[in-house]
Amino acid sequence: MMEKNYKERILVTGGAGFIGSNYLNHFVPKNKSTLFINVDVLTYAGNLKNINVSKEANYVFEKVDIRDKGALQKVFRKYQPTGVIHFAAESHVDFSIKNPQIFLETNVIGTDNLLALSVKHKIKRFLLISTDEVYGALSQKDRSFEETDLLDPRSPYSASKAGAEYLARAYANTFGLDVVTTRSSNNYGPNQDKSKVIPLFISNLLKGKKVPLYGKGLQVRDWLYVEDNVRAINLVWRKGKSGEVYNVGGNYELSNYDLTCKLLSLLGLGEEMIDYVKDRPGHDFRYSLNTDKIMKLGWKPEIFFSQGIIRTLDFYKN
Ligand code: NAD
């Protein structure tokens, strides 16, 4: 089929990264009448080997930097997308502490380029993939974050993601763009770059190397299996209400110490493999999400951590 003969044409940014590739691998084969245009510049975190669907007729790849508006414009002209699902980002908090600039360029300016072209080309829906980190941090006794809570980002990464959210909101309000947003907790599963905690720890342990645990490992994160997240993203894409934000969490909170101990025990190793290192500056203590809103839309996490982590281990072993 000619590209423009597809009734629905979704421009997916960052499709070679962790969550984007899982989204494409899941939904390209299930939606043969939708064209998926993967726009990715392939940074250290993006790899075309993550994509199992590159031979499908309804999938195309364009190596484009979202910071380059002219190059993006050509993609919009060529494919005339009907919608945008925007995953692409600089996503590593530690890297944002070392070099905030590129986070602003990709996450804020890159998002602005996409929003402006989406208005210009009258796309029907823009889905922004955001993060629980925009809310700031909780203590152990605080209630979970709700979608209406004020944003209080505390790292250059989360500030750049909050900037993207505010811009998207401004485009919805000013230009009538249909925007929906998901804010998810920490994803885990196949295809994540080895600079992130779970793949890093697994690959170190498989090589007999110690794992670097920040501080005393007391920080708490909510863990969500990536396949559960991509189902949530698809639901919000299809059924989410215009202008709304949806939290997506696994309802499974673990301290980094407990997470490390789980990995050690699965690999039959002991706590002597932990190397306690100096804490991350400004390390947020806890994230936790209230997920009532997306559950009312018809989603719940289906993969227990005990299953998901085994699948993840198997992936990195192979
Ligand atoms: P990732 O770092 O694995 O992948 C990002 C992808 O974007 C890569 O393929 C990279 O090449 C591409 N990219 C980066 N800069 C680009 C640019 N300038 N132009 C074009 N492509 C570019 O990220 P991820 O973990 O898959 O996260 C996807 C989205 O989900 C991000 O927006 C992130 O903020 C958000 N998020 C991630 C998590 C998580 O746990 N991984 C949690 C909440 C939200």
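**Exercise 1.** Which residues form one aromatic cluster with Tyr188?

*Solution.* This is a predicted model: local features need pLDDT of at least 70, side-chain atom pairs count only at pLDDT 80 or more, and totals for chains, interfaces and linings use all residues. Residues are numbered from 1 along each chain as its sequence is written, and side-chain values use heavy atoms, without hydrogens and water.

Tyr188, Trp223, Tyr225, Tyr252 and Phe305 form the cluster.

**Exercise 2.** Classify the ring pairs Tyr188–Trp223 and Tyr23–Phe27.

*Solution.*
1. Take the rule: rings of Phe, Tyr and Trp (its six-membered ring) pair if their centres lie within 6.5 Å; planes under 30 degrees apart are stacked, over 60 edge-to-face, the rest tilted.
2. For Tyr188 and Trp223, the centres are 6.2 Å apart and the planes at 75°, so the pair is edge-to-face.
3. Tyr188 lies in strand β7 and Trp223 in strand β9, so the pair ties together parts 35 residues apart in sequence. Strands (E, at least two residues) and helices (H or I, at least four) are DSSP runs, numbered from the N terminus.
4. For Tyr23 and Phe27, the centres are 5.2 Å apart and the planes at 40°, so this pair is tilted.
5. Both Tyr23 and Phe27 lie in helix α1, four residues apart.

**Exercise 3.** Are Tyr23 and Phe27 buried or exposed?

*Solution.*
1. Buried means under 20% relative accessible area, exposed over 50%, partly exposed in between (1.4 Å probe, protein chains only).
2. Tyr23 has 0%, so Tyr23 is buried.
3. Phe27 has 6%, so Phe27 is buried.
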